Amino acid sequence: MEKKEIRREMKRRNLALPANERARLSERIMGQVERLDAFVAARTVALFASLPDEPDTASLLARWHGRKRLVVPRVEGDEMEFYDYDPGRMERGAFGIAEPQAERPVDAADIDFVLVPGTAFTADGARLGRGRGYYDRYLARDGFRACRVGVCYPHQIVAELPVEPHDRRVERLCTGD
């Protein structure tokens, strides 16, 4: 299957999940994230504001705001930067995603743990994003050292993906299973 077809099929399957099932799986996924040793040990955690077809990160953001330094991404042209999370200063930005309105980006080397969205993953950590390469470029930055954890619904794990040299893998997956 081509990348475009995989993206379309996964989005269709994600949105076909009943709302209560999406919510149940999202809570299970975020619970798995919270129990990871790397998350527990992390001081600065990079999360994302989820889209309707992604596991919902809202509960994780709410539970850990004020307890850990949370940072969330903002798209700036062809690049993505992470900024400190302040729920009162989030506005719809690129692609309709809630983005932080902080003024100074966080240094990539300061991030200890990053939650990575994807449209599909393989069991060994290969990832297919939405096609713009924002996460791949960010994860490849000099000084970036954070533990990379992918989150997805169980059906988003596939046997193989078309992988390119610039694609960055995740170290661990949380699926709610």
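Q: What counts as a pocket, and which residues line one?
A: A pocket is an open set of grid points with protein on both sides within 12 Å along at least five of seven lines, and lining residues have an atom within 4 Å of a point. The model here is predicted. Its second largest pocket has 14 lining residues, of which Arg7, Lys11, Asp53, Thr119 and Arg130 lie nearest the centre. Its volume is about 210 Å³.

Q: Which element gives the most to the lining of the second largest pocket, and how does that lining divide by class?
A: H1 gives the most, with 4 residues. The lining has 5 nonpolar, 4 polar and 5 charged residues.

Q: What is the volume of the largest pocket, and which residues lie nearest its centre?
A: The volume is about 540 Å³. The lining has 31 residues, with Arg127, Arg130, Arg132, Tyr134 and Tyr135 nearest the centre. E2 contributes the most to this lining, with 4 residues. By class, the lining divides into 15 nonpolar, 6 polar and 10 charged residues.

Q: How many salt bridges are there, and what makes a pair count as one?
A: A side-chain nitrogen of Lys or Arg must lie within 4 Å of a carboxyl oxygen of Asp or Glu. By this rule there are 16 salt bridges. In one of them, glutamate 9 meets arginine 12 at 2.7 Å, N to O. These two are 3 residues apart in helix H1, so about one helical turn separates them.

Q: Which parts of the chain does the salt bridge between glutamate 27 and arginine 63 link?
A: The closest N and O atoms of this pair are 3.6 Å apart. Glutamate 27 is in helix H2 and arginine 63 in helix H4, distant parts of the chain 36 residues apart.

Methods
Residues are numbered from 1 along each chain as its sequence is written. This is a predicted model: local features need pLDDT of at least 70, side-chain atom pairs count only at pLDDT 80 or more; totals for chains, interfaces and linings use all residues. Side-chain values use heavy atoms; hydrogens and water are left out. On a 1 Å grid over the protein atoms alone, a cavity is a set of points where a 1.4 Å probe fits but cannot get out, and a pocket is an open set with protein on both sides within 12 Å along at least five of seven lines; lining residues have an atom within 4 Å of a point. Grid points are joined across faces, edges and corners, and a volume is the space filled by probe spheres set on the points. Ala, Val, Leu, Ile, Met, Phe, Trp, Tyr, Cys and Pro count as nonpolar, Asp, Glu, Lys and Arg as charged, and the others, Gly among them, as polar.
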